[in-house]
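Visitor: Hi, I'm new here and would like a walk through this one. Could you bring it up on the screen?

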Amino acid sequence: MNHDLDRDIQKLEKLLKQKKCQHKRLEHGYASNPPCSRCLDCGSYFTKKQLERLAMPDVIQDVLKERERQDRKWGEQNHLPPYWLGIITEEVGELAQAINETYLFNAREREKGGYKNMRTEAIQSAAVLIAFVECLDRNWKD
Ligand SMILES: [Mg+2]
């Protein structure tokens, strides 16, 4: 019992350390196949692709994470553009609701407004638009 608890605490401490870490000191070409980089401060390992992502602004990272989440949830989506229009409009509608619940004097669901909800819905909208472009490129490109 205590052994499990100690292991869980160690895992949580490691996650906390990784979350706070800025990964400023990286050892590149760490012995693995393919070679990866290791943070000397928190002990995290990164592939080349992960390092490229870490160099991107937070908002771009968040949109890409949302794209991955959507793919895990729905799989690759290949719809006709009119169907996409419905998906995009639904998502932008949620963004509109978050904005309205923040600013309209007669808002009735304030818990759906505020910075966090507006940002989340904007990120989801951006990710859905990227999914649409990916679908167009897969299916409609000449
Ligand atoms: Mg949404």
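Visitor: Which residue stands opposite Y45 in β3?

Guide: That's R38. Before we go on, this is a predicted model, where local features need pLDDT of at least 70, side-chain atom pairs count only at pLDDT 80 or more, and totals for chains, interfaces and linings use all residues. Residues are numbered from 1 along each chain as its sequence is written.

Visitor: Okay, which strands does β2 pair with, then?

Guide: The three strands form an open sheet in the order β1-β2-β3, with antiparallel pairing. At the edges are β1 (26-30) and β3 (45-46), each of which pairs on one side only. Two strands count as paired if DSSP finds at least two bridges between them.

Visitor: How many bridges join β2 and β3?

Guide: Two, in the antiparallel sense, with β2 covering residues 36-39. S37 has F46 in β3 as its bridge partner. The hairpin of these strands has five residues between them, and there G43 takes a positive phi near 85 degrees.

Visitor: Is β1 buried or in the open?

Guide: Of its five residues, the number buried is zero, so β1 lies largely in the open. A residue is called buried if 20 or more other C-beta atoms lie within 10 Å of its own, exposed if 12 or fewer, and partly exposed in between, with C-beta atoms placed from the backbone.

Visitor: Let's zoom out. How many helices and strands does the chain have?

Guide: Five helices and three strands. From the N terminus on, they run α-β-β-β-α-α-α-α. The radius of gyration is 20 Å, well over the 14 Å that the globule rule gives for 142 residues, so the chain is more spread out than a compact globule. That radius is taken over C-alpha atoms, and the rule is 2.2 Å times the number of residues to the power 0.38.

Visitor: What size of box do the C-alpha atoms fill?

Guide: Roughly 50 × 50 × 35 Å, taken along the principal axes. Buried residues make up 6% of the 142 residues.

Visitor: Back to the start of the chain. How far apart are the ends of α1?

Guide: The end C-alpha atoms are 27 Å apart, which agrees with the 27 Å that its 19 residues should span at 1.5 Å a residue. The expected span is 1.5 Å times one less than the number of residues. α1 is hardly covered, with a count of buried residues of zero.

Visitor: What does the UniProt record say about residues 2-29?

Guide: The unreviewed UniProt entry annotates them as "coiled-coil region". UniProt positions are given in the numbering used here, feature names are shortened, and annotations may be inferred rather than shown by experiment. In the model, that span is 68% helix and 14% strand, and its end C-alpha atoms lie 37 Å apart.

Visitor: Where does H23 lie?

Guide: H23 is in the loop between α1 (2-20) and β1. Its phi is positive, about 55 degrees, although H23 is not a glycine. With 17 other C-beta atoms within 10 Å, H23 is partly exposed.

Visitor: New topic: which domains is the chain divided into?

Guide: Domain 1 (20-55) and domain 2 (57-142). The bounds come from an automatic or database domain assignment. Their C-alpha centres lie 30 Å apart.

Visitor: And how many residues does α3 have?

Guide: α3 (residues 58-74) has 17 residues and reaches 24 Å from its first C-alpha to its last, close to the 24 Å expected. Just after α3, G75 takes a positive phi of about 75 degrees.

How values were computed. Helices (H or I, at least four residues) and strands (E, at least two) are DSSP runs, numbered from the N terminus.
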